[in-house]
Amino acid sequence: MEERGSPDGDPARSLEQGPEGPETPIQVVLRVRPMSAAELRRGEQSALHCSGTRTLQVSPPGGGPDVAFRFGAVLDGARTQEDVFRACGVRRLGELALRGFSCTVFTFGQTGSGKTYTLTGPPPQGEGVPVPPNLAGIMQRTFAWLLDRVRHLGAPVTLRASYLEIYNEQVRDLLSLGAPRPLPVRWNKTQGFYVEQLRVVEFGSLGALMELMQMGLSRRRSSAHSLNQASSRSHALLTLYISRQTMPPVDPGEPPVGGKLCFVDLAGSEKVAATGSRGELMLEANSINRSLLALGHCISLLLDPQRKQSHIPFRDSKLTKLLADSLGGHGVTLMVACVSPSVQCLPETLSTLRYASRAQRVTTRPQAPKSPMAKQPQRLEMEIRQLQEENRCLRSQLGQVHPKASGLSGARVAWAQRNLYGMLQEFMLENERLRKEKSQLQSSRDQARDEQRVLAQQVHELERRLLCACSLHLPNPGPAPPCPCVMAPARPCHALPPLCSCPCCHLCPLCRAPLAHWACPHRGLQLPQVFGPKTPGGLALSAQPPPWAPPCNPDSAEFPRERSHSDWTRTRVLAEMLMREEVVPSAPPLPMGPPDASPVLRGGAAVPNLARRLEALRDQIGSSLRRGRSQPPPSEGTRSPSRVLPPC
Ligand code: ADP
Ligand code: MG
């Protein structure tokens, strides 16, 4: 059905202007029920006339001046239940509840004025008989609308409900099975007033919620009296709790936003004399009236700007305790004032109209419950956001480094994130330590190579001198010309001088360039004969290579200064022989020195071997020289690889 607009504007729209303002008045709409069949039979006339959609004119029966009341909306008897639902602004409250506000809709008015009808429709015609859909009240329509809204939100929402009544100043749980027992109303700083041990039922469908409502309605106390055949004898509060996860969630651990939408069906005020209540009915009526009086008193005090800051006696009744937040706190409140058009009810109607028009001047300060994060100081909030951003970056990096990391469980990912930085630091330190160790090893290897090179050089030099000394002291009839290579200075590139001065005798054991050619035909002319002129093979001894020399190549008798492959091979063989662990005997077998005769050098097994060989060569040279020059042998203490070699 089309919503009937008003020239003054939609009352729901006035709520949409923002309840988040500092002061928001209670929204009040008026519903005038149609004349009942009994009233029409009595021929009663309506004393109420709607003027526009927001003003009600009251014509006193005595012919006095009309009194006008203005509300957010005035809905006459011709309006359907759907009209009321659409015009009263309850959907706006539902939206606010979804955003976390605490919202209340309550009906108020004389007994029999249509409060229960407006909220839940006509009383059920029998046990388990549902209210016809077209007569369903604000509550059922709001439930359907809300659940549909939740379905389209796309965010997880948890819905729960509680239903209680205040009967004779006792709070009873309408959703608990068994005999009704009074529940205490308590107060704390975070919740305000609340009912202890109240059953709160989670539901997931409209059907489940409807069942809960029907269960509560059937348990609610009602009695028949002259003004209402199904008069509610208690105030009933059905509350929907809406827990909604914000989208997108700032943090997975963030508590959900919790809103409330409470429907309050007040028991009607009644004149005991008019209703003819006796006994228990009278007692109930007195309780109802007392609590309504307390409600009126609180509203009066809330209206007084001076007294609003002072104490409001919400504790005077259970009803005012439970409506305290809706009336004077941080809630958003909608009052549906219900009146009867009957002239007989006019005094109560006027009382209700005055009451309602005063109530719409009561203001609240609507406030959505803040999440714990919102309560943090700004600095901490910023810090949290930065950490969350960093966390997101690290998580994405972790996913890039380990593609399988996305498949890890949340706990393992969290553990890895926590330890990633520490692990990185440990790896850096380990790398640094290994780098240092590597450079130390490299320097000690270079040092060992240098020592090895010096020793090889000294060995070679001694061998050369030994050869020279032997040739000098062999019996020789004629004066032998001194070998020119003996005194020849070493070239800077080649540590050792050539064995003889002939141009083909250039083989350097260090750089492996050929310094000597063992097949050189001129060698026999210039090098003194050490072992005699001839060998068993018929070759001149001087032309023969020493045992450690590479085999002679007859083709190289010429003077090929270009290094051939065989040259390189010989050089390599020569160097290998020098580096070999076994001492290659040159001429006479070399005596082996004691194991500790030479200092321990780093650089592998070849180095001490070379040192021993050097020592042996020195001994050989010394003995040769002594034999030739009749010199006394040097003392043992002067033997050292580092000592200056005696001139040959
Ligand atoms: P209250 O709760 O205020 O005491 P009820 O809601 O029980 O009053 O209504 C009293 C009687 O009036 C019920 O029989 C109900 O069906 C009827 N009634 C109330 N309002 C309307 C309405 N707008 N249209 C039709 N019947 C109504
Ligand atoms: Mg009622």
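A residue counts as buried when its relative accessible area is under 20%, exposed when over 50% and partly exposed in between, with a 1.4 Å probe and protein chains only. The model is predicted, so local features need pLDDT of at least 70 and side-chain atom pairs pLDDT 80 or more, whereas totals for chains, interfaces and linings use all residues. Residues are numbered from 1 along each chain as its sequence is written, and side-chain values use heavy atoms, without hydrogens and water.

In helix α4 (residues 90-98), Val 90, Arg 92, Leu 93, Gly 94, Leu 96, Ala 97 and Leu 98 are buried. Because seven of its nine residues are buried, α4 is largely enclosed by the rest of the structure. Gly 100, which follows α4, has a positive phi near 110°.

Helices α9 (residues 280-303) and α11 (residues 318-328) pack with axes 10 Å apart, at an angle of about 30°. α9 is therefore roughly parallel to α11 (angles under 35 degrees count as such). The crossing of α9 with α11 is right-handed. Contact means heavy atoms within 4.5 Å; the residues making this one are tabulated.

| Helix | Contact residues |
|---|---|
| α9 | Ser 291, Leu 292, Ala 294, Leu 295, Cys 298, Ile 299, Leu 302 |
| α11 | Leu 319, Thr 320, Leu 323, Leu 327, Gly 328 |

Nine of these residues are nonpolar, three polar and none charged.

A nonpolar core is a set of buried Ala, Val, Leu, Ile, Met, Phe, Trp, Tyr and Cys residues joined through side-chain atoms within 4.5 Å. The largest has 52 residues, and Leu 30, Leu 295 and Leu 327 have the most contacts inside it. α9 gives the most to this core, with eight residues.

Key
Chains are lettered from A and ligands numbered from 1 in the order in which they are written. Axes are lines fitted to C-alpha atoms, for helices over the stretch in contact, and angles run from 0 to 180 degrees between N-to-C directions. Helices (H or I, at least four residues) and strands (E, at least two) are DSSP runs, numbered from the N terminus. Angles under 35 degrees count as roughly parallel, over 145 as roughly antiparallel, 65 to 115 as roughly perpendicular and the rest as oblique. A crossing is left-handed if the near helix is turned anticlockwise from the far one by less than a right angle, and right-handed if clockwise. Ala, Val, Leu, Ile, Met, Phe, Trp, Tyr, Cys and Pro count as nonpolar, Asp, Glu, Lys and Arg as charged, and the others, Gly among them, as polar.
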